[in-house]
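Here are a few notes from going through this one. Have the viewer open while you read.

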Amino acid sequence: MSVNREAVNQDYMIERVCELFRCRVLWSEGRPCLEYESEEELGEIVQYVKENFATELLDVFFTAIPSLPIED
């Protein structure tokens, strides 16, 4: 569902991204930071945000960072 013609709450956009993709939101000084699993996933998230909310990823998230591997 595309919501291009109306203003969408940033929290709603973040919630939808987290529901649809294997990512997390980290908070830094009250700003949302996207933690993603792979470059491919990041590309899919960028495309989803553009197509469904008519905005850029960095207009929703303060920054995007790759997940660090879990150490054994």
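Which residues does Ile45 touch, not counting those up to four places away in sequence?

1. With neighbours up to four places away set aside, Ile45 touches Val17, Phe21, Cys23, Leu34 and Leu57. Keep in mind that this is a predicted model.

2. Ile45 also belongs to the largest nonpolar core, which has 16 residues. Along with Val17, Leu34, Val49, Leu57 and Phe61, Ile45 touches the most other members. Two or more core residues come from each of α1 (10–20), β1 (23–28), β2 (31–36), α2 (39–53) and α3 (57–60). The largest share, five residues, is supplied by α2. As background, nonpolar side chains in soluble globular proteins tend to be buried together.

3. On the overall layout: the protein chain has three helices and three strands, and from the N terminus on they run α-β-β-α-α-β. Its radius of gyration is 12 Å, close to the 11 Å from the globule rule for 72 residues, so the chain is as compact as a globular protein of that length. The C-alpha trace spans about 45 × 30 × 15 Å along its principal axes.

4. Contacts next. Taking those in the protein chain with a separation of 6 or more, 57% join residues 24 or more positions apart.

5. Of the 72 residues, 32% count as buried.

6. Last, the charges: the protein chain carries 6 positive and 16 negative ones, and their mean positions lie 5 Å apart.

Key:
Residues numbered from 1 in each chain as written. Predicted model: local features only at pLDDT ≥ 70, side-chain atom pairs only at ≥ 80, totals over all residues. Heavy atoms only, no water. Core = buried A, V, L, I, M, F, W, Y, C linked by side-chain atoms within 4.5 Å. Buried < 20%, exposed > 50% of the residue type's maximum accessible area, 1.4 Å probe, protein only. Helix = DSSP H or I, 4+ residues; strand = E, 2+ residues; numbered from the N terminus. Contact = heavy atoms within 4.5 Å. Rg over C-alpha atoms; globule rule 2.2 N^0.38 Å. Lys, Arg positive; Asp, Glu negative; His and termini not counted. Charge placed at Lys NZ, Arg CZ, Asp CG, Glu CD.
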